[in-house]
Amino acid sequence: MANDNTKRPGREKGEILLEMRDLKIEGESDDIWHPIIKGINLTLRRGEVLGLIGESGAGKSTLGIAAMGFARPGCRFTGGSIVFDGIDMLKTSEEEKRKLRGSRISYVAQSAAAAFNPAHRLIDQTIETETQHGIRDSKSAVADAVDLYGRLRLPDPTTIGERYPHQVSGGQLQRVMTAMAITCRPDLIIFDEPTTALDVTTQVEVLASIRSIVEEFNTAAIYITHDLAVVAQMADRIMVLRHGKLVEESPTREMLSAPKEEYTKSLWAVRGLAKPEAHSDDTILSIEHVDAAYGNADKILDDVSVRIPRGRTVAVVGESGSGKSTLARVVTGLLPPSKGRVLFNGEPLPPALGQRDKEMLRRIQMIYQSPDTALNPRHRIYDVIGRPLNFYHGLTGPKLEQRIVDLLKMIELDESFIDRLPSEISGGQKQRVCIARALAAEPELIICDEVTSALDQIVQEEILKLLLRLQAEFDISYMFITHDIATVRAIADEIVVMNQGKVVEQGTKTEVLSPPYPAYTELLLSSVPEMDPDWLNNLLQKRQVKSE
Amino acid sequence: MNDASTLAKVPRARRSKAIAAWRELKKAPWSAWFGMIVLTGYIVVALFAPLIAPYGESEVVSPGSFDVWSAQYWFGTDQLGRDILSRMIYAARNSMGIAFAATAVAFITGGLLGIVAALLRGWVDQVASRLVDAVMAIPSLIFALMVLAIFEKTEVYHIILVIGFVDATRVFRLTRAVAMNVVSLDFVEAARLRGEGTGWIVRREIIPNIMPPLLTEFGLRYCFVFLTISALSFLGLGLQPPTADWGAMVKETATLFTYARDDFQAGITPLLPAGAIALLTVSINFIVDWFLHKTSGLRDGQ
Amino acid sequence: MLAARDAMHPILRTVLQRLALGLLTLFIVSVVISSLVEMLPGNFAKRILGQAATPETVAAFEKEIGLDKPALERYFVWVGDVVTGEFGSSFTSRVGYQRKVADLITPRLKNTLFLASMTAVIAVPLALFLGILAALYRNSWFDRMVNSATLTTISMPEFFMAYVLMLFLAVIWQIFPSLASVDHDTPLWERIYRCTLPALTLTLVIVAHMMRMTRAAIINLLASPYIEMARLKGMSKSRVIMRHALPNAWAPIVNVIAFNLAYLIVGVVVVEVVFTYPGIGQLMVDAVRTKDMPVVQACALIFAATYILLNLTADIISIATNPRLLHPR
């Protein structure tokens, strides 16, 4: 594709295509209407790609879909205007809007697996827009769809359309959906987090496909995401949203090099963290040649050996299905290994949970990905933190209460939290409480399973900092499971790279993160989007050179 | 920070619960209010039946049969000359009490088994589920009829146990399903990793989280049990005379229908006990519907 | 995993699994039903024949209906009888005069099936129509009204509904007969006329349930992301429903229908008694009163088998319309 290696091929920016003025949208919950979009202005020219970025609940998806004059059930427009190519989308008839949808404005949903109808073939769904809007007959529509499949580098473009959605992988489905969006050569495509559900190595391919097609047809696009590095590759201009309001808006390069607002800066705070690595020869946990499987199914772990030094952090990195979470289950005893053993402080750990005594259980604690499911919604913080104190250390009465208050202080929450329920505190605070629960046991090793991936960027940074501080204070060792390289840089001393149940590479952070790489590590590391707007171009070019 | 005053400030009580409940109540729709008022009325009548009823439960007050409505016998008398109003009041006690007992039996057995099956999984769950599937294939009224056929004379506890047992299968299904959802959550795993015993996990982690759907189910189940027992009594196979029961009273006075053209009051007399059943179950359903709306996202639940 | 399993089409495999499961359930049901009689307290024959019966008559009676054999053998004889459609002998049999349960049941079963089909023909289309309408116009006044009305209806005992209809449509305005007495040579139209009130009662009972469940199923379906996608592709409302919702709606709808037709079984018993309709429900109630266990067992087994069959049919239709199974990877 791009033969220009420094910047995007020139795109023609034409007249104004879409204009929103002081748009207001409300949503309903519990019979009460509350604002989701609180007066936003947005301008998009022909051929321009606008990035909408923000954290969950910022209203970016609602805003994107509003460009089609569409409000999801339970939402309503309450003010402002949306003008698309001279048509007032809030005043025009439902029938007029219907004619525009799919043909002149199209939509690419986050989860292609859910957004494709399971009952119909992909090709039929791809060409449906054209044939139903009377743009083409089905024969030429099929020919065009096959052509598009080819351009999007789908395997077997002539036959892939004959398949049903469940017969195709997630990354391929997302590309088919992009083809479906472009069939009518719309003026505007709305991409609603199209790569969020994908692994990084798959994400690169989809990003490349989307960009090539948008450039080729000079289509205007709104690209919605929470990942700044992704939007940097796609957008000409970026709008940062928060709580339904615009925080900052500027051209991509400007935004990346000189963000004005504090909030914008905080969005990539985690990427700024980097822990200087430290070594230790004292081993706390050593996993030796472990195989594991669920029931009689295929092996999930295949001859895995990992060493965790005392007081240090070992990051276990891998994509979904790599076996990294299964490794945690083996260490905790939830899944006894079928082969191999786990040594803790040099002593073999009994393989099954039931065989371990209280003292062994106390020394290894776990923190989960989603604090929402890790806390019993019916237990007050007092119960959550108090239970391990009582269970392991026999604390009761005022002593117990005092210890809970101390622990709350340690995780930077004040004592007023003691009487609250999980539903009454924020996601980041919940994760802190989970950390306090683990700390209450006074463990030597804490297994952190994707502990930051369900949190907003700014909260991620705070949690990582807290974990680092606690490690320095109490000499705790972490086994840190993650798929995010930025998090690895921020917290790890050593790295274990896993793929398909095997350890690909293990070493210190510097060793693993610098060349030479084993093939998979290179693929994984190079696929992680960077803040540089030219990253995708350079990467594609590099990969092309290599394959030639 | 660690002086006594700080600790005293830390509240432990669930002080706000009553206030929150009252706030919710004030927002309740008219249908739920209607249901609650009617249900309270029924409970009062059932509790104080001997004080309210003008005559005894099986007291023969009139020498003839099927006396017409009058100031003395508001709804007339039945085929044996017993006061229908009094019998309806006593029936509230019998019908509601027995249905409550049967529902309680269903919840204690079905609920406990359901939690155990969800926790243990494996063959225990398989065997229990297959057995429950089989019993559920026999509709509860049919099952009850079949079992009652065995006993020479139907006793109250037969009905309670039979209906309780049959409905326990439905409770088992639901409890198992909701408990399965809770068991798979991380906080239960966290408790297991901490080394907590099964009893503690069930009591502290699982039961508090499955209570809202189970409470709703209790209301619906109660209605269902109530209707099944009424149907049994109506068929003459439930509560045995002279015990008053709404279902049985419908059957006993059914002949009055034929006089509807001449004496409308007589004609609708059999509908009074039937209406008493309908009003109660409608009221409970209204309350449950509101509760469902409140507690779960299941706004359009079945 | 196994070559033999891979060779079989997933649909066939799943259907066979369900069939096996259905048979297993039926087997457990038959064991439950027959073992209940074994738990029977006291002497059956004595109870039937009266306390005055001599040991000789008791023995002869027991021999006549096979009560003298051991329990396990009786179970297999019974199952054998059931498989051949015999169901054994009624307790009303006397020496030299054997009454086959099958002969008692067959005409009654036909009557009940007639009533049930008549109800289904009215109720199923009506409930689906109302349910889909309520789902499409959810939260409208129509939806709210229908919701309150059905909530009220499902709370009422069947006999209440039956008597209200009888009071107005048979006694006060004498449009329909209050008793639905039919025999084998009642002509079809006369039969339909006489069955109107019982069928109407049953319709009221199950339409409410079926409608509520249809509404919930359709609302659930319409909330799918692919329905939103179809709307965002600019598809017309009718195309969204016909092309995108309907092909995925079969499984939930068929399940709703099967569930409610199974529910009809319970209603049938009470309604048949109210209208003294000579169906299998009334037969069962009579048999329970006279403690005629073979008839009770046979009726229970038929009811259970109907239930299992209905659910099995629903399962198989769901499987056969599931694209994941129709088009395996």
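In this predicted model, D187(A) counts as buried, at 19% relative accessibility. The side chain of D187(A) meets that of R46(A) in a salt bridge, with 3.1 Å from N to O. R46(A) has a relative accessibility of 24% and counts as partly exposed. The limit for a buried residue is under 20%, so the two partners fall into separate classes, D187(A) as buried and R46(A) as partly exposed. The pair links distant parts of chain A, 141 residues apart. R46(A) lies in the loop between β2 and β3, while D187(A) lies in the loop between α6 (170-182) and β7 (188-192).

Over all chains, the structure holds 59 salt bridges. In chain B, the side chains of R194(B) and E196(B) form one of 2.9 Å, N to O. R194(B) is buried at 6% relative accessibility. E196(B) is also buried, at 8%. In chain C, D315(C) and R18(C) meet through their side chains at 3.6 Å, again N to O. This pair joins helix α14 (residues 293-320), which holds D315(C), to helix α2 (residues 10-38), which holds R18(C). The two residues are 297 positions apart. D315(C) is partly exposed at 26% relative accessibility, and R18(C) is partly exposed at 29%. Shared partners also tie salt bridges into one network in chain A. Its members are D282(A), R310(A), E359(A), R362(A), R363(A) and E444(A).

Strand β3 of chain A spans residues 49-53 and is mostly covered, with 5 of its 5 residues buried. V49(A), G51(A) and I53(A) point one way from the strand. L50(A) and L52(A) point the other way. Two strands pair with β3(A) in the parallel sense: β8 (residues 220-225) and β9 (residues 237-242). The pairing with β8(A) has 5 bridges, and I53(A) stands opposite T225(A) there. The pairing with β9(A) runs over 4 bridges, with I238(A) as the bridge partner of G51(A).

Chain A also contains an open sheet of 4 strands, in the order β2-β1-β4-β5. Its pairing is antiparallel. The edges are taken by β2 (32-45) and β5 (87-88). Each edge strand has a single partner, so one side of each is left without a neighbour in the sheet. Within the sheet, β1 (residues 16-29) and β4 (residues 75-84) are joined by 8 bridges. One of the paired positions is G27(A), whose bridge partner in β4(A) is C75(A).

Another residue of chain A, D493(A), is found in the loop between α19 (485-491) and β19 (494-499). D493(A) is buried, with a relative accessible area of 0%. Beyond four places in sequence, its contacts are K275(A), P276(A), E277(A), A278(A), R312(A), T313(A), T508(A) and K509(A). The side chain of D493(A) reaches the backbone nitrogen of A278(A) at 3.1 Å. T373(A) lies 120 residues from D493(A) in sequence and 29 Å from it in space, C-alpha to C-alpha.

Of the 302 residues of chain B, 53% count as buried. In chain C, buried residues make up 52% of 329. Among contacts in chain B between residues at least 6 apart, 71% join residues at least 24 apart. For chain C, residues 24 or more positions apart likewise account for 71% of the contacts with a separation of 6 or more.

Chain C and chain A bury about 2400 Å² between them. Carbon and sulfur atoms account for 56% of that area. M229(C), L232(C) and K233(C) supply 27% of the area that chain C buries against chain A, more than any other three residues. The contact takes 20 residues from chain C and 27 residues from chain A. Across this interface there are 3 salt bridges and 11 residue pairs in polar contact. R72(A) and E228(C) meet in a salt bridge of 2.7 Å, N to O. On the side of chain C that touches chain A, two or more residues come from each of α11 (225-232), α12 (237-274) and α15 (323-326). The largest share, 6 residues, comes from α11(C). By class, this side has 8 nonpolar, 5 polar and 7 charged residues.

Technical notes:
Residues are numbered from 1 along each chain as its sequence is written. Chains are lettered from A and ligands numbered from 1 in the order in which they are written. This is a predicted model: local features need pLDDT of at least 70, side-chain atom pairs count only at pLDDT 80 or more; totals for chains, interfaces and linings use all residues. Side-chain values use heavy atoms; hydrogens and water are left out. Contact means heavy atoms within 4.5 Å. Buried area is the accessible area (1.4 Å probe) that two parts lose on being put together, summed over both. A salt bridge is a side-chain nitrogen of Lys or Arg within 4 Å of a carboxyl oxygen of Asp or Glu. A polar contact is a pair of N or O atoms within 3.5 Å; within protein, one must be able to donate a hydrogen and the other to accept it, and residues adjacent in sequence count only if both atoms are side-chain atoms. Ala, Val, Leu, Ile, Met, Phe, Trp, Tyr, Cys and Pro count as nonpolar, Asp, Glu, Lys and Arg as charged, and the others, Gly among them, as polar. Buried means under 20% relative accessible area, exposed over 50%, partly exposed in between (1.4 Å probe, protein chains only). Two strands pair if DSSP finds at least two bridges between them.
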